[in-house]
Structures are given as structure tokens and as C-alpha cells.
Amino acid sequence: MIDFFNSIIPLNEKEKELIRQYFHLRCYKKRMFVLQEGDVCQHLNFVLSGCLRMYKDDENANPHILLFATEGSWINDLDSYYEEKKSLLNIDVLENTELFQINRENIVKLYLSAPKFDRIFRILTERNLVLLQNRMLENISLSAEDRYYNFLSSHPDLINRIPQVHIASYLGVSAEFISRLRSRRARNPFMGT
């Protein structure tokens, strides 16, 4: 985690010690929830190892995946965390996972102890907004097939880590659609490149 923050803005030894003091390691087993709809998000979560998804179930209990998170990324319901209100989202574990977590009280202490972290978290928020904006743009401007091939090129590490049904949910298509695309691609490996 120190390396991650250092890659954004170099930290001094005092700031590195603050990370050790305020962030705590927590391990989750596959299928455990980090956050359930209706609960208040208590922690910001940095993924040290593993894979998680953030999703919303519709009225028919079909999940609609907003985000996958793997090593070196963050996964949080920021609205619930900062506003201290019940979450509309779920975050669950797709693989055994290790998270570094920080609660609201400690993030405030971190910001007050070292204002550099306020800037680091602003940069992280801006980066995530750009990713969200690009995802929304893809959803409204690209075909389902193009979204799938973009997913393959931008997330090659996830293809063999998560079930096809989760990829389909993330892209807003059926698992059968993904199967047809995979079959066509297997027959013609130059498709989607």
C-alpha cells in the first residue's frame, strides 16, 4: 500500500508510518460480503490480493455489476461511506481476498496529520470518475460485442478469474451472448483485435 501511495505522491517516513497506523488488514473468504445493501459502508477498501465485485440486485434478484476490483485497486460505496447512509449496493468476494481498510474516523485523522493524503485521495477519486465516465460512454455508444472486446483488452487478467455470467452482468448482456462471441472468436482468433 505504501508503494501504491508513493506512486501517486512520494511519502516521507512519518507519512508511511501513518499508513501503518491507520490502515488495517482484513481477510475475506470467497462468497463473503464486504458490504451488503442496507448496511452503512464503514471502510474504504484497498485490494491487496483477490477479486471482488460491486453490484445492485434488481427486483428479480438479478445482479447488475458496476465494478470489479483486483490487486492494487479500491472498491467502496463512497456515497454510503461519506454520507453515513444505508448502501444501495453489495460488495462481495469472488476469490479469497486481503483488504487494507480505513474507517471514517481514521481517514479524518490521516488527513489532519498529513494533508498530502487529502490530495492523494482527491487524485484517486478523479481517476475513478474518469473510469466511470468512460464506462458510461462505452455503454451508450458501443455495441455489446464491442463492449465485450474492450473488456477483454482492458481486463485480460479477469477473463479466467471470474465466471462468464459475471462478465455478462457487467456488460449488460446474457451469458449466452458471451458464449456465442467466444465460440465465434475460437473459430476466428483475429476477431475483436
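Thr-70 lies in strand β5 (residues 63–70); strands (E, at least two residues) and helices (H or I, at least four) are DSSP runs, numbered from the N terminus. Thr-70 has a relative accessible area of 14% and is therefore buried, a class defined as under 20% relative accessible area, with exposed being over 50% and partly exposed in between (1.4 Å probe, protein chains only). The model is predicted, so local features need pLDDT of at least 70 and side-chain atom pairs count only at pLDDT 80 or more, while totals for chains, interfaces and linings use all residues. Residues are numbered from 1 along each chain as its sequence is written, and side-chain values use heavy atoms, with hydrogens and water left out.

**Surroundings of Thr-70**

- Contact denotes heavy atoms within 4.5 Å.
- Leaving aside neighbours within four places in sequence, Thr-70 is in contact with Val-47, Gly-50 and Cys-51, and also with Asp-157, Leu-158 and Arg-161.

**Salt bridges in the whole structure**

- Side chains of opposite charge can pair when their charged atoms come close.
- A salt bridge is counted where a side-chain nitrogen of Lys or Arg is within 4 Å of a carboxyl oxygen of Asp or Glu.
- Twelve salt bridges are found in a search of the whole structure.

- Arg-161 is classed as partly exposed because its relative accessible area is 24%.

- The side chains of Arg-53 and Asp-92 form a salt bridge, with an N to O distance of 2.7 Å.
- Arg-53 belongs to strand β4 (residues 51–57) and Asp-92 to strand β6 (residues 90–93), so that the pair links distant parts of the chain, 39 residues apart.
- Arg-53 counts as buried at 8% relative accessibility, and Asp-92 is buried with a relative accessible area of 7%.

- Arg-20 and Glu-17 meet through their side chains in a salt bridge of 3.2 Å, N to O.
- Both residues, Arg-20 and Glu-17, lie in helix α2 (residues 13–22), three residues apart, about one turn of the helix.
- Arg-20 is partly exposed, with a relative accessible area of 46%, and Glu-17 is partly exposed, with a value of 42%.
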